[in-house]
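Please read them beside the model itself.

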Amino acid sequence: MSSITLGEFIIENQNDFKYATGELSRILSSIRLAAKIVQREVNKAGLAQHILGAVGDINVQGEEQQKLDVYADNVFLKALANRGVVCGVASEENEDYIAFNNQEAMDGNYVVTMDPLDGSSNIDVNVSIGTIFSVYRRISKPGTPAQLEDFLQPGTEQVAAGYVVYGSSTMLVYTTGNGVHGFTFDPSIGVFYLSHPNMKSPQDGKIFSMNEGNFHHAPKGVREYIKYCQEIDPASNRPLSARYIGSLVADFHRNLIKGGVYIYPQTPKSPTGKLRLLYECNPLAFLIEQAGGKASDGKNRIMEIKPTELHQRVPFIVGSTKMVEKVEEFIKQVETPTT
Ligand code: AHM
Ligand code: MG
């Protein structure tokens, strides 16, 4: 691991950012701070339940304990509201977007969309979870409260995106459109160090990640692709490997490093897919494209979809370029009638 810290890296690279230097650095610094606070809480989640009392209980300070996802939401909101750069935040935790109403924040040029704690079903069972975020330049006039239109921008308009994975170690991975860089947290001194400079998605891979409980409910093209993955690959003389954590950030992170494809298709229960365009798909699409991979809804590039509502869901296929293209090919094949 290099000795370059995230703070140093942000400052050294702020000239790559085409807008005012310093603004993006302040946003990333607030995300770094919030990530440290959340990782501390995530790491004592098991302890907290047994020693400090379960969720819903009153803790030793006399405060009611919050669910971790609500806690994370509050931490990120507070960190972002206090820098005078971000005028509003749309979060998976809240029905509507939050427009900060202090003048300093209203003067800010950016909005953030985020999933403060993704992988909620894994929170209580000691399995990796994550935070995902995107940064956009506002469309509405600076000095006024953030508007809905600021958040409903296509992913191509993102100026930065990233995630934090709270796993066997905590990592923060981000892009500002100049490659993808990963930092690992050293908890003994509370610092993120550059550990994965210029991350590249392998063009092909041997891992497919889908909740196969949905197999019979997925569209035919996706089912055919999964069957294809289960066949013997002549190159390795074995089928591809199924790996599914059920935490998008962790599944994405593994596939980014090792090569693979993650699929969450439309199902009868989730007719337009389960994952949210603004909070989950667009940020990961920006990252994977910056790493040389691909993100699709089966037909269209994720980042070109024009959002119509905050909590919009889309089918999501993301990862190594050749694998994503193969899924698209299967989808196209079943839709093209053969004569
Ligand atoms: P969440 O935002 O409520 O945590 O849901 C998103 C999660 C992803 O992290 C994960 O990939 C997916 O939902 C798992 O869903 P399922 O249990 O249907 O496979
Ligand atoms: Mg989520």
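The points below concern the surroundings of the ligand.

1. Please keep in mind throughout that this is a predicted model, and that the distances and areas given here are computed from it.

2. The shell around ligand 1 is made up of 16 residues, and the closest of these are D118, Y244, L248, Y262 and Y264.

3. The side chain of Y264 places an N or O atom 2.5 Å from an oxygen atom of ligand 1, while in the case of L248 a backbone N or O atom lies 2.7 Å from an oxygen atom of the ligand. For E280, a side-chain N or O atom is found 3.2 Å from an oxygen atom of ligand 1. Of the 460 Å² that ligand 1 exposes when taken alone, the protein buries 83%.

4. Which strands each supply at least two residues of the shell around ligand 1? They are β3, spanning 110-118, and β11, spanning 260-264.

5. Because domain 1 (6-196) and domain 2 (207-335) both give residues to the shell, ligand 1 lies between the two domains.

Key: Residues numbered from 1 in each chain as written. Chains lettered and ligands numbered in written order. Predicted model: local features only at pLDDT ≥ 70, side-chain atom pairs only at ≥ 80, totals over all residues. Heavy atoms only, no water. Near = heavy atom within 4 Å. Polar contact = N/O pair within 3.5 Å; in protein donor to acceptor, adjacent residues only side chain to side chain. Areas by Shrake-Rupley, 256 points an atom, 1.4 Å probe, with all protein chains shown as cover. Helix = DSSP H or I, 4+ residues; strand = E, 2+ residues; numbered from the N terminus. Domains from an automatic or database assignment.
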